[in-house]
Amino acid sequence: MAPLSQERPAQKLDTEKQSLVIAITALLLSSILAALQLLLSYVTSATSRQKTDSAAIGTWSKHTKWGFRRFWKGKVHITYGVVDLSTDAIWETLRQLERKKVLLSSKLGEYRVSEAVPLVLTKDGTKRRGDGICIRDPHTDVEVPLEKLTNEERDAVSQLEALLKPKAAFRPRSSAFSLVADLGVDAAALRTQRSEDADTIPPNCNTPLYPIRASDLISIGLLIGMKLDTVDISKRLLSMHGPHSYIFTEQIQNVGPVCRYVALAPGMMSEMIGWNYLESRTCIEMASGSISVGESCIPSQILGYNAINRIFKFVIGEDNDTQPLANTEEEEKDDSDDESNAIPQQLKSQLLSWLIAAAGDTPDDARAVSNLLSRVQEVTGTEGLSTTGIPQEMESNAQVSMKQDLGWKEIRIAPIRNQIVADNNSIWGGRWANPLTTTTALFLATCSNPAVAKAFPHTILEDWTTYNSSSAEHALNLFRQDNTIATPPPKFLLSLIKKHLVKSDAYKAVDNFGCEYGGMRSYLATNLAELVHRFTEFWYLDPVSEDSPSDPPSDQPPFPRVPILNEILAALVSGTSLSEWASTWDHAPLEGKHVRLYARSALWIQISLFDTWIGPMIDRMMGGAPIRESPIPATKEEAEQCLKASRALRPTTAWNLIRSRWMTYYLKRLAEGRDDMGDSFMSKNPREELGERWVGMEVGEPLEWLRIDAVITLRAAVMHAMLTHLDDTSILLQLKETDPLIFLS
């Protein structure tokens, strides 16, 4: 029998082994239970994961995060990114895309890059056909085959084509993702506002609900090609429809009204995919009733007599409160410090060398220079490549300087932006509070016709119908009486669309010429030499013609004939409303082989024709201009000389100082009249005797003012028809006051 002292250690050892086994067993059991609990948690979170995976929200699923941060609850925590669907976020994405295009285009040296996305209209909608990139020799305008390019240049072309190539046709369950994708925007590039817990997604919704402002949803719908049907902001109800897509509102139990977008069919796309950043933005700004004034965007409702007078007084340096701020090298240096907008110095040097090389003697060279200048400024949003920052010797070589002695000047109106207010504001002291010509007429007389337009608030235009329904008829009679109307050849419009100078697009008229981005430019601040040169190919004067504006016969008035399209002249003569004419035209538009001309494009052409006549007539009244412009129709030689002379002008952002001064005289007489009677065909109570109108003006003869005012009146009538022919988005004016959030599934 073993001693008692030996049994106790053995018993103690057995007890310790048993305790260790129990502890290990408990640990294993707890681990298994924890694993089972986590597995159960993962399984039970399947619903949340399915609502935030790629099948639900597409590439936005890259913002979905999940983990065990709440381990004390033994639960998988899933969050998803709330994507910013505002138009500002979309503009920034488009702007970044344009910057990439400029960077890649700079690698192609002196070659010109055409970025047209070929779209074809089918019964099933708009489809893409072929490639979207064409490389041309700047000297011969002949397409350059890829085999002649260097490896680096071919790589740049491939990357450009990839940027234009539509994304995959896959559409997740989220209609918000499909809405952005159908815009042609890279949905994955949109920024996120915050992260949300996936458990907050309502049980009866299979995707997250993304918040979006009502105005942003309407704007995006317009860009896709939809029309506004019904809207009730108080009830959060909204419906829009297009040829192949629509937006509707459904009531979800325990959630409330939720909007849903039914996407375009696979292979279909919005026509907006062929627009650049500024064209898309201009389209939406117009839909909200705002227009460009210089570098600013201003609501048209506040652009009354006092505001417009302040702008032009500031431009010509006669504003008492402030002086015009022209772009300076120091200012541009300050602008370039903004990293978000700055252009890399290497790119500046490359673009500058491109400009210098491109500045030759042919019209194509001039187009390459002016288009590149405006394009770089547009996509960067800065004056980073303004020619005032180019050394003097390079400036003279490139021939792209903005010279004040040419009568044009780059001026920013930012110093007076807070002074641009409506006529009923107290700062004006009641001046022009009750003008003899409505502010609507003034707006139509000065506003430009943008290349891209989809909608406009019709309530802004109501005064024209009230006071000016017969103004155009009286103005036209002035030119019919002395037979000073010029009409184009029968196939003029057909030639323009066959040569693709004017697009077969219901919303976009032209590319890269004319008053492309609208705003307060028109005949007052637009370089129309490119438009005159292109149109003159199909409508021109013989150098010895009696209609030549350079040498009018003695028995004719000292004015060129007023260019009016045959179709619009017929409508005006018959007394048909131009708005009715436009609606009738679109039911049976002018068609050629694979081309079509819509009413809006025809109206755009007519307004541009008027602008080419008004500008030179103002210059002549004011004593002449350093650059002599030619109205349409012109001789081919005059059009060529005008294009060469205007090579130094920015096509979109410069102010014409001579015409700005003229405008201050014109609007004052429109507002005040003379002896309590108006002198304009647009006035509420115009003077009956034409010979007594426009007496006592600061410059010019009464007959000059009478005829220019008559053409401006015709222009205003055509502009009114074009704007009322667009979709009515008066609701966007109301949303500027209260713009509620709407949920989009």
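Guide: Angles between axes under 35 degrees count as roughly parallel, over 145 as roughly antiparallel, 65 to 115 as roughly perpendicular and the rest as oblique. The model is predicted, and for this reason local features need pLDDT of at least 70 and side-chain atom pairs pLDDT 80 or more, while totals for chains, interfaces and linings use all residues. Residues are numbered from 1 along each chain as its sequence is written, and side-chain values use heavy atoms, leaving out hydrogens and water.

Visitor: Why are H9 and H24 called roughly antiparallel to each other?

Guide: Helix H9 (residues 305-315) packs with H24 at an angle of about 155°, their axes being 9 Å apart. The angle is taken between N-to-C directions, from 0 to 180 degrees, and the axes are lines fitted to C-alpha atoms over the stretch in contact. About 155° is over 145, and therefore H9 and H24 are roughly antiparallel. Their crossing is left-handed, that is, the near helix is turned anticlockwise from the far one by less than a right angle, where clockwise would be right-handed.

Visitor: Which residues of H9 and H24 make the contact?

Guide: With contact meaning heavy atoms within 4.5 Å, H9 supplies Tyr305, Ile308, Asn309, Phe312, Lys313 and Val315, and H24 supplies Leu657, Ser660, Met663, Thr664, Leu667, Leu670 and Ala671. By class there are 9 nonpolar, 3 polar and 1 charged residues in this contact.

Visitor: What makes H21 oblique to H25?

Guide: The axes of helix H21 (residues 578-587) and helix H25 (residues 702-725) come within 8 Å and cross at roughly 50°. H21 is therefore oblique to H25. The crossing of these two helices is right-handed. On H21, the contact involves Leu578, Ser579, Ala582, Ser583 and Asp586, and on H25 it involves Ala717, Val718, His720, Ala721, Thr724 and His725.

Visitor: How do you know that Asp727 forms a salt bridge with Lys454?

Guide: A salt bridge requires a side-chain nitrogen of Lys or Arg within 4 Å of a carboxyl oxygen of Asp or Glu. The closest N and O atoms of Asp727 and Lys454 are 2.4 Å apart, and therefore the pair meets the criterion. The two residues belong to distant parts of the chain, 273 residues apart: Asp727 in strand S24 (residues 727-728) and Lys454 in the loop between helix H14 (439-446) and strand S18 (455-456).

Visitor: Why does Lys454 count as buried?

Guide: Buried means under 20% relative accessible area, exposed over 50%, and partly exposed in between, with a 1.4 Å probe and protein chains only. Lys454 is buried because its relative accessibility is 2%. Asp727, at 14%, is buried as well.

Visitor: What is the relative accessible area of Arg674, and why is this residue called partly exposed?

Guide: The value for Arg674 is 22%, and therefore the residue is partly exposed. Its salt-bridge partner Asp679, with closest N and O atoms 4.0 Å away, is buried at 1%. Salt bridges with shared partners join Arg669, Arg674, Asp675, Asp679 and Arg687 into one network.

Visitor: How many salt bridges does a search of the whole structure find?

Guide: The search finds 17. One of them joins the side chains of Arg659 and Glu629, at 2.9 Å from N to O. Arg659 lies in helix H24 (residues 657-672), and Glu629 in the loop between helix H22 (599-621) and helix H23 (636-645). Both Arg659 and Glu629 are buried.

Definitions and conventions: Helix = DSSP H or I, 4+ residues; strand = E, 2+ residues; numbered from the N terminus. Nonpolar A, V, L, I, M, F, W, Y, C, P; charged D, E, K, R; others polar.
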